Amino acid sequence: MDQPTVTRPEFPPGYVDKPVAIVEWEFVTKRLADAKNYWLCSVRPDGRPHVIPRRGVFVDGRIYYDGSPETRHARNLAGNANVAVHLESGDEVIVLEGNARPAGRPEHELAQKIAGGYRAKYAQHGYAPKSDQWDEGGLCEFTPRQCIAWTQFTADPTKFVF
């Protein structure tokens, strides 16, 4: 993944008037890689939001998560690929916007990275897929368009654009 463009998010006057720092992209990628849960917000066909926690892995600049194509969020993607993803902390904030889609059968090397990431995070919870787990589907890929992050809201709000 290319390095994103670093800017500031836009806030109303009085929210963040004089930020003094930026969040480093390496901080964001480490948090994304280490996260056990990703909150995923998709859009229902009638326009209502749908939010659900998902287990997944951050590999090569994308978040991969799996599950049945019959789940509500997977069916939502069929009509609207726009998705927001955020981590659990409200103090060290990472919120991404982008698109999610069925990943199809991943190339062998990518499948090994994804399966290895899952095993490292979730084997202790009883989930340790092999690299052929998604040969018949069931894997989704989230690609970010932008990310807003901060570790101190008034000091370092940072926007990354891809």
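**Aromatic rings and a buried threonine**

Biologist: Is Tyr127 buried, partly exposed or exposed?

Modeller: In this predicted model, the relative accessibility of Tyr127 is 23%. Buried would require under 20% and exposed over 50%, so Tyr127 falls in between and counts as partly exposed.

Biologist: What is the angle between the planes of Tyr118 and Tyr122, which form a tilted pair?

Modeller: The count of aromatic pairs in the model comes to 7. Tyr118 and Tyr122 form one of these pairs, with 5.6 Å from centre to centre. Stacked planes would be under 30 degrees apart and edge-to-face planes over 60, so the pair counts as tilted, with its planes at 50 degrees.

Biologist: Which helix holds both Tyr118 and Tyr122?

Modeller: Tyr118 counts as buried at 0% relative accessibility, and Tyr122 likewise counts as buried at 1%. The two residues lie 4 residues apart, about one turn of the helix, and the element that holds both, spanning residues 108-122, is helix H3.

Biologist: How are the rings of Tyr118 and Tyr127 arranged?

Modeller: The centres of the Tyr118 and Tyr127 rings are 5.4 Å apart. Their planes stand at 90 degrees, which is over 60, and therefore the pair is edge-to-face.

Biologist: Which residue's backbone nitrogen does the side chain of Thr158 reach?

Modeller: Thr158 is found in strand E9, residues 158-161, and with a relative accessible area of 0% it is buried. Beyond its neighbours within four places in sequence, Thr158 is in contact with residues including Ala21, Ile22, Cys147 and Ile148. At 2.8 Å, its side chain reaches the backbone nitrogen of Val23.

How values were computed. Residues numbered from 1 in each chain as written. Predicted model: local features only at pLDDT ≥ 70, side-chain atom pairs only at ≥ 80, totals over all residues. Heavy atoms only, no water. Phe/Tyr/Trp six-rings, centres within 6.5 Å; stacked < 30°, edge-to-face > 60°. Buried < 20%, exposed > 50% of the residue type's maximum accessible area, 1.4 Å probe, protein only. Polar contact = N/O pair within 3.5 Å; in protein donor to acceptor, adjacent residues only side chain to side chain. Contact = heavy atoms within 4.5 Å.
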